[in-house]
Amino acid sequence: LLPEEPYLLFVGDLRGQKGLHVLLAAYEQLRNRPPLVLIGRPCPDTPERLPQGVRILTRWPHPSVMRAWHRSLFGLAPSIWPEPCATVVLEAMACGKPVIASDMGGNPDMVAHEQTGLLVPANNAAALAGAMQRLLDDPALRERMGTAALQKVKAFQAGAVIPRIEGIYRALIRARGT
């Protein structure tokens with residue numbers, strides 16, 4: 001069901017607060033646009049009309065989503081609400097893909113602007129389109145950012161996070177004197 005040619009990928013609930021309307025408006029502004037694949041759960045506010053080149057896929061198992069990430073050009077996470085930790089950002093990075101995300105919530109903690117992806121103002125279709133066009137026009141930049149994303153995501157994996165949490169608990173126990 002995925003396009004044969006390279007494509008852009010959004011994964012998440014197909015709703016307004018995920019910035020879907022902003023993404024669709026930005027997509028329409030692109031020159032020589034590749035397909036845009038939206039994988040997620042339909043919601044009451046999922047748009048009924050889609051620009052040409054947009055494909056919605058629903059009810060995809062997680063391993064299939066991960067395969068889709070591997071085949072994509074880059075990930076898109078244009079939420080217009082401050083998501084604390086959008087797992088899809090980490091999934092894309094774990095597949096070596098740069099991510100274009102809104103600059104709110106936990107996104108700036110995960111996406112290093114100009115290093116592992118690009119951060120854009122939330123709810124700004126022109127800025128999102130500009131960032132998308134930039135990555136489309138510069139394959140070397142996409143490759144560099146994807147490689148950096150693959151390295152940065154390691155800091156969010158269990159092997160890195162659990163020892164830090166355990167260290168905090170040990171420090172609290174020591175501070176308490178028990």
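Two residues are in contact when heavy atoms of theirs lie within 4.5 Å. Keep that in mind for this predicted model. Ile 100 shows the idea at work. Leaving aside neighbours within four places in sequence, Ile 100 is in contact with Phe 74, Gly 75, Leu 76, Ala 77, Leu 118, Val 120, Leu 128, Ala 131, Met 132 and Leu 135. The points below start with the sheet, then turn to cores, helices and loops.

**The sheet**

- Six strands form an open sheet with parallel pairing. Their order is β3-β2-β1-β4-β5-β6.
- β3 (54-57) and β6 stand at the edges. Each has a single partner strand, so one side of each lacks a neighbour in the sheet.
- On average, neighbouring strands of this sheet are turned by 20° against each other, direction ignored.
- β4 and β5 run parallel and are joined by three bridges. Across this pair, Gly 75 stands opposite Val 99 in β5.
- β5 and β6 also run parallel, with four bridges joining them. Here Ala 101 stands opposite Leu 119 in β6.

**The two faces of β5**

- In a regular strand the side chains alternate between the two faces of the sheet.
- Which residues of β5 point one way, and which the other way? Val 99 and Ala 101 point one way, while Ile 100 and Ser 102 point the other way.
- All four of these residues, Val 99, Ile 100, Ala 101 and Ser 102, are buried.

**The nonpolar cores**

- The largest nonpolar core has 28 residues. Leu 8, Ile 100 and Met 132 touch the most other members.
- At least two residues of this core come from each of β1, α1 (20-28), β2 (36-39), β6 (117-120), α5 (125-137) and α6.
- α5 gives the most to this core: seven residues.

**Helix α3**

- Why is α3 largely enclosed by the rest of the structure? Six of the eight residues of this helix (87-94) are buried, so the rest of the structure largely encloses α3.
- The buried residues of α3 are Val 88, Val 89, Leu 90, Glu 91, Ala 92 and Met 93.
- Their cover includes β1 (8-11), α2 (62-71), β4 (75-77), β5 (99-102), α4 (107-110) and α6 (139-152).
- Gly 96 follows α3 and has a positive phi, near 75°.

**Helix α2**

- α2 lies across β1, β2 and β4. It runs at about 150° to β1.
- Ser 64, Val 65, Met 66, Ala 68 and Trp 69 are the buried residues of α2.
- What covers them includes β1, β2, β4 and α3.

**Helices α5 and α6**

- Two packed helices are described by the angle between their axes and the distance between the axes.
- α5 and α6 pack at an angle of about 100°, and their axes are 5 Å apart.
- Angles of 65 to 115 degrees count as roughly perpendicular, so α5 and α6 are roughly perpendicular to each other.
- From α5, the contact uses Arg 134, Leu 135, Leu 136 and Asp 137. From α6, it uses Pro 139, Leu 141, Arg 142 and Met 145.
- The residues of this contact of α5 with α6 are five nonpolar, no polar and three charged.

**Residues in loops**

- Lys 18 is found in the loop between β1 and α1. Buried or exposed? Lys 18 has a relative accessible area of 17%. Buried means under 20%, so Lys 18 is buried.
- Leu 73 sits in the loop between α2 and β4. Leu 73 is buried too, with a relative accessible area of 16%.
- Leaving out residues up to four places away in sequence, Leu 73 touches Pro 6, Tyr 7, Leu 8, Pro 34, Lys 97, Pro 98, Leu 136 and Arg 142.
- Asn 32 is in the loop between α1 and β2. Asn 32 is exposed, with a relative accessible area of 79%. Its phi is positive, near 45°, in a residue other than glycine.
- Asn 123 lies in the loop between β6 and α5. Asn 123 is not a glycine, yet has a positive phi of about 65°.

Key
Residues are numbered from 1 along each chain as its sequence is written. This is a predicted model: local features need pLDDT of at least 70, side-chain atom pairs count only at pLDDT 80 or more; totals for chains, interfaces and linings use all residues. Side-chain values use heavy atoms; hydrogens and water are left out. Buried means under 20% relative accessible area, exposed over 50%, partly exposed in between (1.4 Å probe, protein chains only). A nonpolar core is a set of buried Ala, Val, Leu, Ile, Met, Phe, Trp, Tyr and Cys residues joined through side-chain atoms within 4.5 Å. Axes are lines fitted to C-alpha atoms, for helices over the stretch in contact, and angles run from 0 to 180 degrees between N-to-C directions. Angles under 35 degrees count as roughly parallel, over 145 as roughly antiparallel, 65 to 115 as roughly perpendicular and the rest as oblique. Ala, Val, Leu, Ile, Met, Phe, Trp, Tyr, Cys and Pro count as nonpolar, Asp, Glu, Lys and Arg as charged, and the others, Gly among them, as polar. Two strands pair if DSSP finds at least two bridges between them.
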